Amino acid sequence: MSGPRQYQVEGLVLAHVVVGEKDKIVTLFTREHGKIRAVARGSVRPGSSLGPCVEPLTSGRFYCVRRRSIDLIAQATPLASYGSLKSDLWRMACGLYMAELVDSATAEEAPHPALFDLVRDVLERFDYGENSELLLRYFELQLLDQIGFRPSLQECVDCGTRLAPVENALSAVLGGALCPECAMHVPDARPLSLDALKVLRLWLGCGLDVALRVRLNGLLASELDAHVYRLILSVLQKEVRSRGWLRRLKEEDSRLSPESVAGEPSVDNHH
Ligand SMILES: [Zn+2]
């Protein structure tokens, strides 16, 4: 990174690795510079003032010093520690999954301020007690858009025909929806229901408040989950490890969000 020797950033701790006996290398997602890595000297020591600020899923203002090898976090002021989120296994798993997604999907020193704001907003929702999986689906889809992989959902991604209001298909490899004819010769095409297409279109174009108003039954929720994760996998080219933990938690206490169990599909018909 060029610029002054000392700089300050607003950042969220995505991950950390303990090195030696008392130091940590911290991965920060910052509003100003995107993802950066920096060392937090002595932060593992009991009583270190830096320690609580460099725990995963903690946001703060970080005062850093540029160094040739790896920048140094000289000081930090906590902004949010998401204590309520961390007191609940499911919501913490959701937060860590988001952190891993951001870590995997962004390059170092590539700023994504809109994605930064979205991560913060979604974490706040989880921290307030919202536990809907819709938050994750909306976040995954918006993340794809922010990193340049917005799925194509208006025209067939293969032949360019405008999609008819019927059951179409989705190809993660081609990055979008397919008309029924093209679906027949695209190997990774999977059926895409009209309701799923409507929800995906809505989520790509709306804010968090509107996104959470969508009501899904279990079937539609599973369909959306599978489609969006296939798009993610196709972009990342690797599994998101913490997703396994999320799935196990979900199986164990089958704590589905109210949206996932209630009634018939009802999609706000804005599009
Ligand atoms: Zn087509």
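This is a predicted model: local features need pLDDT of at least 70, side-chain atom pairs count only at pLDDT 80 or more; totals for chains, interfaces and linings use all residues.

Let me begin with β2 and β3, which form a hairpin with three residues between them; helices and strands here are DSSP runs, of H or I over at least four residues for helices and of E over at least two for strands, numbered from the N terminus. Residues are numbered from 1 along each chain as its sequence is written.

Strand β2, residues 23-30, pairs with β3 in the antiparallel sense over seven bridges, where pairing requires that DSSP finds at least two bridges between the strands. Within that pairing, Lys24 has Ala40 of β3 as its bridge partner. On β5, residues 71-80, the arrangement with β3 is parallel, with two bridges joining them, and Ala38 is bridged to Asp71 of β5.

How enclosed is β3 by the rest of the structure? Because five of the seven residues of β3, residues 34-40, are buried, the strand is largely enclosed; buried means that 20 or more other C-beta atoms, placed from the backbone, lie within 10 Å of the residue's own.

Turning to helix α6, residues 194-205, its 12 residues reach 17 Å from first C-alpha to last, close to the 16 Å expected, that expectation being 1.5 Å times one less than the number of residues. Its buried residues include Leu197, Leu200 and Trp203.

Note on methods: A residue is buried if 20 or more other C-beta atoms lie within 10 Å of its own, exposed if 12 or fewer, and partly exposed in between; C-beta atoms are placed from the backbone.
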